[in-house]
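Dear colleague,

I am passing on the structure below, together with some notes on what turned up in it. Please read the notes with the model open beside them.

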Amino acid sequence: MNLFLLRHGIAVERGSPGFANDAARPLTPKGRRQLLKITAAMKKMDLRFDLILSSPFVRAKQTAEIPAAELKLKKRLKFSNALAPGGDAAVLFRQLERTKPSPEKLLLVGHEPDLSRLISLLVTGRTDAGFALKKGGLCKLEVEKLHAGKCATLAWLLTPKQMELMR
């Protein structure tokens with residue numbers, strides 16, 4: 001399985017007027033523009049996904065919707081509370097086990113520090129390996145059989161600026 005992890009784009013700052021609830025914070029216009037550039041890089045890399053699974057928080061949902069629309073994969077977009085901030089990786093793994101057919105190319109869209117901890121867990125077996133995924137950053141892991149522990153190889157981890165250079 002090729003597992004891709006995408007951190008949400010630049011969002012309205014926490015505590016901004018009109019957004020009392022963290023889950024409701026949307027992408028900023030700059031964040032949307034950044035995601036369009038990142039999606040252009042995804043196209044250039046010829047990335048396709050069998051499933052796009054996103055946190056239901058507005059900024060992550062909006063982030064996932066951009067590549068889903070641009071890559072014509074809207075029907076493959078689903079949402080999971082396991083990808084919300086503080087989500088449970090074990091719940092995520094169980095959801096993915098039940099997904100039929102099993103995706104060969106999976107994009108997860110979520111938040112920090114959860115995504116970096118997930119990368120660390122899958123690559124090292126621990127959650128403290130020190131990976132950092134910038135807003136709009138994209139990571140590719142090659143996974144034999146997905147489980148909670150060391151089961152993946154880090155293929156690459158790209159910053160938004162690196163992806164913008166690919167366009």
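Contact is taken here to mean heavy atoms within 4.5 Å, while helices (H or I, at least four residues) and strands (E, at least two) are DSSP runs numbered from the N terminus. Axes are lines fitted to C-alpha atoms, for helices over the stretch in contact, and angles run from 0 to 180 degrees between N-to-C directions. In those terms, helix H4 (residues 114-124) lies across strands S1 (2-7), S4, S5 (138-143) and S6, and runs at about 155 degrees to S1.

Please note that this is a predicted model, in which local features need pLDDT of at least 70 and side-chain atom pairs count only at pLDDT 80 or more, whereas totals for chains, interfaces and linings use all residues. Residues are numbered from 1 along each chain as its sequence is written, and side-chain values use heavy atoms, with hydrogens and water left out.

The sheet is open and has six strands in the order S3-S2-S4-S1-S5-S6, with mixed pairing, where two strands pair if DSSP finds at least two bridges between them. Strand S3 (77-79) and strand S6 (152-158) stand at the edges with a single partner strand each, so one side of each has no neighbour in the sheet. From one strand to the next, the twist averages 20 degrees. Strands S2 (residues 51-54) and S4 (residues 105-110) run parallel and are joined by four bridges, and leucine 51 stands opposite leucine 106 in S4.

Two aromatic pairs are found in a search of the whole structure, counting rings of Phe, Tyr and Trp (its six-membered ring) whose centres lie within 6.5 Å, with planes under 30 degrees apart counted as stacked, over 60 as edge-to-face and the rest as tilted. One of these pairs is formed by phenylalanine 4 and phenylalanine 49, which are edge-to-face at 5.3 Å centre to centre with 75 degrees between the planes. Because phenylalanine 4 lies in strand S1 and phenylalanine 49 in the loop between helix H1 (29-44) and S2, the pair ties together parts that are 45 residues apart in sequence. Aspartate 46 lies in that loop between H1 and S2 as well, and its phi is near 60 degrees, a positive value in a residue other than glycine.

There are also cis peptide bonds to check. One joins lysine 100 and proline 101, with omega about -10 degrees, and proline 101 is placed in the loop between H3 and S4. The peptide bond from glutamate 112 to proline 113 is likewise cis, with omega near 0 degrees, and proline 113 is found in the loop between S4 and H4.
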